Amino acid sequence: MSSDHMIYMPDMEIKESDMLDIVLNKTDEYDESKYNDNDVLKALKKENLTPYDFGALLSSAALNHLEEIANRSIKETRRYFGNNIYMFTPLYISNYCENHCIYCGFNCNNNIKRAKLNYTEIEKEMYEISKTGLQEILLLTGESRKMSDVSYIGEAVKLAKKFFKTIGIEVYPMNSDEYEYLHKCGVDYVTVFQETYNADKYKTLHLSGHKRVFPYRFYSQERALEGKMRGVGFAALLGLYDFRKDAFATGLHAYLIQRRFPHAEIAFSCPRLRPAANNDKIKYNEVTETQLLQTVMAYRIFMPYANITISTRECQRVRDNIIKIAATKISAGVDVGIGGHGNNNAKGDEQFEISDTRNVKEVYDAIIKQGLQPVMSDYIYV
Amino acid sequence: MLNNDKLIIGGHEFDSRFILGSGKYSLDLIKAAIESAKAEIITLALRRAATGNIANILDYIPKGITILPNTSGARNADEAVRIARLSREIGCGDFVKIEVIRDSKYLLPDNYETTKAVEILAKENFIVMPYMYPDLNAARDMQNAGAAAIMPLGAPIGSNKGLCTKEFIKILIDEINLPIIIDAGIGAPSQACEAMEMGAAAVMANTAIATSGDIVLMASAFKKAIEAGREAYISGLGRIIDKAEASSPLTGFLHE
């Protein structure tokens, strides 16, 4: 019998906050079919959009105004970021996982090749990556506290400091004192995907493990900021549930966090569900390219100062065009397996299939070719 | 251009009153923009001054230009001080523009923390130029703490909204014995010109140029506007007649 997904497990820090209820209730009330063309145009005319206006940009009615939305989106992007596009690469250091999430390639019941890099191997990977000129790295693990505990991640971060200026993590949610420890090691950015903000759907997708606990995951960004992190990233895995509701909830969540922590740097990722090892078991709602673009532009106009990352799940054509309009961050030279950079043979299997396989130089040149400026780091650790 | 009309900051003399930003546009346009702007000072976010060998902004700034590193990214005085010291260490000189921001939405400066940083850095012989919200009391504190110039915002960074804070900047120009350099929000050459007509010592612009259709041409347009505004200020603007004057004096009856 599965545990209650709304009840914290022992050792999980409990947050006394009403933010979860606000996000879930407002998302529940959000009815995209009630918006008409006029609502969309009104939203586009406003300088500062309310969550209601954000809902308009995500609605079906907005599809009639994509070009106008794109024009506003590009204006906001240029105003806040100029033509800068930030480059980074993810580094997977372990793919052991204790969660059973039915759509994920790393899920603990999947029969995939598991691996964890030792410190020598991590350093070797980092050295190889740094030779490409990248100065920002995102460290990832599967969600296993047993196989990749906080001190293991901390040591990896200390190694990363030798090679990179900016370090982010995308690992299992943890308590604020653990975030604070990792911040001291050198991390400043924490991304946690909520996957879906519909708690009932969430329950049916995350069958066991720590990840099953919906509120603990939801409050990750708050705990990270209380742990002195500089910025936090948000995402729903679009396609798991009604993508409009999930995108609305993601934006609202980020909006409320920014109001509570005005100094926090906000970031969005916009992954669409893609084929992964064994995820043919689930049915998902395909999110089209048009809908993806609509979502990214809605994030941009609602929170123009947020960084938006466009995933390697997307193909070259989509990525190169979205960085012109709304996204500000792009990965390159991506390997989502374990040990594929400096340790000749990949030791562990990949989390999902990537579509854009270009190396750093190729992405760099593509950015320049579009009249944009690649930036390796815009960050100083003090 | 006027002879002997120098901008003096911390004992250094400049002919140009246009401080150019280096962010938000392509690195290979920086040199042409500087030349077109005839700028002698260029700002640089120290956090962009990477040590790496790809896209390192320092490689794109011509020799002989004064670099004005800023402390963007600092959220308090302590971080600003550490960034300034790092800037001196890596050879960016003694000039520093203090930016302390702990608001990711509007990017408004924190005057209180900024003043604290000015005090510490001035004692370490930096030429300190604080970016600030135009508040007279804060500007006085910064002056007393050893600032070399005061850089009030015209409008939020990047907003291109112009001189929204005009009345308060006028007060600073009247009351503070330091160059007042309008820093953020200037969106068009006409606004830069207006700031100079009011008596601002210089104008700094970045987004207005970076987001224009032709960066090099817009840099030139700003240069001309700033020079025009300066010449108008020095000439003394003519009087503004705001209503028709009566043909016979209202007090004429006293002499009847």
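**Close-up 1. Buried residues in helix 6 of chain B.** In helix 6 of chain B, the buried residues are B:Pro189, B:Gln191, B:Ala192, B:Cys193, B:Ala195, B:Met196 and B:Met198. Buried means under 20% relative accessible area, exposed means over 50%, and partly exposed lies in between (1.4 Å probe, protein chains only). Helices (H or I, at least four residues) and strands (E, at least two) are DSSP runs, numbered from the N terminus. This is a predicted model, in which local features need pLDDT of at least 70, side-chain atom pairs count only at pLDDT 80 or more, and totals for chains, interfaces and linings use all residues. Residues are numbered from 1 along each chain as its sequence is written, chains are lettered from A and ligands numbered from 1 in the order in which they are written, and side-chain values use heavy atoms, with hydrogens and water left out. Helix 6 spans residues 189–198 of chain B; seven of its 10 residues are buried, so the rest of the structure largely encloses it. Its cover includes helix 5 (166–175), strand 9 (181–182), strand 10 (202–205) and helix 8 (215–235) of chain B. After helix 6 comes B:Gly199, with a positive phi near 110 degrees.

**Close-up 2. Strand 7 of chain B and its partners.** Strand 7 (residues 127–132) is mostly covered, with six of its six residues buried. B:Ile127, B:Met129 and B:Tyr131 point one way; B:Val128, B:Pro130 and B:Met132 point the other way. Strand 6 (residues 95–98) of chain B runs parallel to strand 7, joined by four bridges. Two strands pair if DSSP finds at least two bridges between them. B:Phe95 sits opposite B:Ile127. Between strands 6 and 7 of chain B, the chain passes through helix 3 (residues 111–123) in a right-handed β-α-β crossover. Right-handed means that, with the strands pointing away from the viewer, the path from the first strand over the helix to the second runs clockwise. Strand 8 (residues 151–152) of chain B also pairs with strand 7, in the parallel sense, over two bridges. There, B:Met151 is the bridge partner of B:Tyr131. Helix 4 (residues 136–144) of chain B lies in the right-handed β-α-β unit made with strands 7 and 8.

**Close-up 3. Strand 1 of chain A and its parallel partners.** Strand 1 (residues 84–94) of chain A is mostly covered: 11 of its 11 residues are buried. Strand 3 (residues 136–141) of chain A pairs with strand 1 in the parallel sense over five bridges. A:Thr89 faces A:Ile137 here. Strand 10 (residues 329–331) of chain A is parallel to strand 1 too, with three bridges. A:Met87 stands opposite A:Ile330. Three bridges also link strand 1 to the parallel strand 11 (residues 373–375) of chain A. A:Asn84 has A:Gln373 as its bridge partner.

**Close-up 4. Where chain B meets chain A.** Here 29 residues of chain B are in contact with 32 residues of chain A. Contact means heavy atoms within 4.5 Å. The area buried between the chains is about 2600 Å², and carbon and sulfur atoms give 49% of it. In chain B, B:Arg47, B:Ser104 and B:Lys105 lose the most area to chain A, together 25% of what that side buries. Buried area is the accessible area (1.4 Å probe) that two parts lose on being put together, summed over both. Three salt bridges are counted between the two chains. A salt bridge is a side-chain nitrogen of Lys or Arg within 4 Å of a carboxyl oxygen of Asp or Glu. The side chains of A:Asp378 and B:Arg47 form a salt bridge (3.2 Å, N to O).
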